[in-house]
Amino acid sequence: MFYNLTKRISKSIFNISNKGKITESNIQSTLRNIRTALLEADVALKVVKKFILDVKNDSIGKTFNNSFTPGQEFIKIVKKQLIYTMGSIKKNDHILNMSTEPPAVFLLVGAQGMGKTTTVGKLALFIKKEKKKKVLVVSTDIYRPAAIEQLEMLSKQALVDFFPCHKKTDSVLIAKEALKYAKTNFYDVLIIDTVGIMYSNIHMMNLIQSISNKVNPIEILLVIDAMVGQDAINMIEHFNTYIPISGIILTKIDGDARGGIALSIKYSTGKIIKLVGNGEKIYDIKYFEPKKIAERILG
Ligand code: GDP
């Protein structure tokens with residue numbers, strides 16, 4: 001992710017002259033290059049415009065003490081803006097919320113094929129290892145028995161417990177029973193997988209809404225394949241009209257060289273990316289860390 005963006009931005013910043021002050025003329029071509037690099041990385045146009053404007057406003061006319069060159073000072077400004085564009089300055093906003101009486105319920109939702117079920121397995125292992133929590137997973141996808149089996153297999157790989165539901169025909173009931181089981185057996189976290197939705201399917205959206213109302217999740221995480229590009233924005237807005245999305249999990253970033261969607265989501269929807277999936281293996285998941293990404297982009 002961000003491969004070309006990194007190459008182009010670091011190259012254009014290198015060209016900033018070493019005068020004592022940043023002026024419009026000495027950053028003009030750099031800003032133009034950054035603009036092109038962002039657009040080529042598939043960052044939404046309105047986000048690019050705002051980004052360039054903010055960097056410009058922050059930098060022009062700025063004078064520096066002797067310890068930094070204008071180039072270094074400019075890099076700091078671009079970095080700050082990259083971090084701000086990708087997420088919150090407040091560290092905790094990117095972290096999974098568990099501040100509730102256990103079990104903390106995480107509901108994972110999304111369109112089919114985004115990597116949702118795989119992510120439930122990955123998340124279970126991540127929380128078990130990272131947070132040292134007792135985790136239960138359940139699938140409510142009664143429409144696709146293969147998805148239920150897939151989650152059962154993933155739970156074995158993650159060495160977390162799986163709540164079986166093979167004979168049940170009601171997704172809401174399965175979720176309720178799993179929650180009851182999680183409470184009586186002292187689980188810290190219950191992760192609920194849901195049916196993959198074609199997002200024009202109102203019946204399915206209502207079903208997810210009913211599950212959410214019954215189990216009161218602390219996190220409702222929308223799983224999105226990074227490859228869908230700008231369509232992710234419509235997806236987030238659509239799901240959010242039915243259920244309050246608390247964060248995004250961006251999957252398959254290992255296959256997305258451009259990465260622009262990671263820079264577009266927060267500004268376009270107000271939602272924060274919490275985690276990213278970076279491979280097919282059960283341990284291929286990590287926190288989304290804007291600061292680290294910005295540092296990497298700027299070389
Ligand atoms: P669902 O329909 O949304 O539940 O999607 P699945 O969990 O069944 O995943 C669909 C495909 O995406 C599977 O082949 C997964 O192995 C693959 N997948 C999921 N997450 C990632 C990821 O982060 N990187 C890569 N490369 N593949 C992934």
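**Figure 1. Aromatic pairs in the predicted model.** The structure holds three aromatic pairs, where rings of Phe, Tyr and Trp (its six-membered ring) pair if their centres lie within 6.5 Å, and planes under 30 degrees apart count as stacked, over 60 as edge-to-face and the rest as tilted. The ring centres of phenylalanine 126 and tyrosine 287 are 5.1 Å apart and their planes stand at 80°, so this pair is edge-to-face. Because phenylalanine 126 belongs to helix 5 and tyrosine 287 to strand 8 (residues 285–287), the pair ties together parts that are 161 residues apart in sequence. Helices (H or I, at least four residues) and strands (E, at least two) are DSSP runs, numbered from the N terminus. Residues are numbered from 1 along each chain as its sequence is written, and side-chain values use heavy atoms, with hydrogens and water left out.

**Figure 2. Aromatic cluster and lysines over rings.** One aromatic cluster is formed by Phe163, Tyr181 and Tyr187. Over the face of tyrosine 187 lies lysine 134, at 4.4 Å from the ring centre. Lysine 266 takes up a position over the face of tyrosine 84, at 3.8 Å from the ring centre. A charge sits over a ring if NZ of Lys or CZ of Arg is within 6 Å of the ring centre and within 35 degrees of the ring normal.

**Figure 3. The shell around the ligand.** The ligand is surrounded by 17 residues, of which the closest are Gly113, Gly115, Lys116, Thr118 and Asp254; a residue is near if one of its heavy atoms lies within 4 Å. Helix 5 (residues 116–131) gives the most to this shell, with four residues. The shell comprises two nonpolar, nine polar and six charged residues, with Ala, Val, Leu, Ile, Met, Phe, Trp, Tyr, Cys and Pro counted as nonpolar, Asp, Glu, Lys and Arg as charged, and the others, Gly among them, as polar.

Figure 4. A polar backbone atom of glycine 113 is 2.7 Å from an oxygen atom of the ligand. For lysine 252, a backbone N or O atom lies 3.0 Å from a ligand oxygen atom. Glutamate 280 places a polar side-chain atom 2.9 Å from an oxygen atom of the ligand.

Methods: Predicted model: local features only at pLDDT ≥ 70, side-chain atom pairs only at ≥ 80, totals over all residues. Polar contact = N/O pair within 3.5 Å; in protein donor to acceptor, adjacent residues only side chain to side chain.
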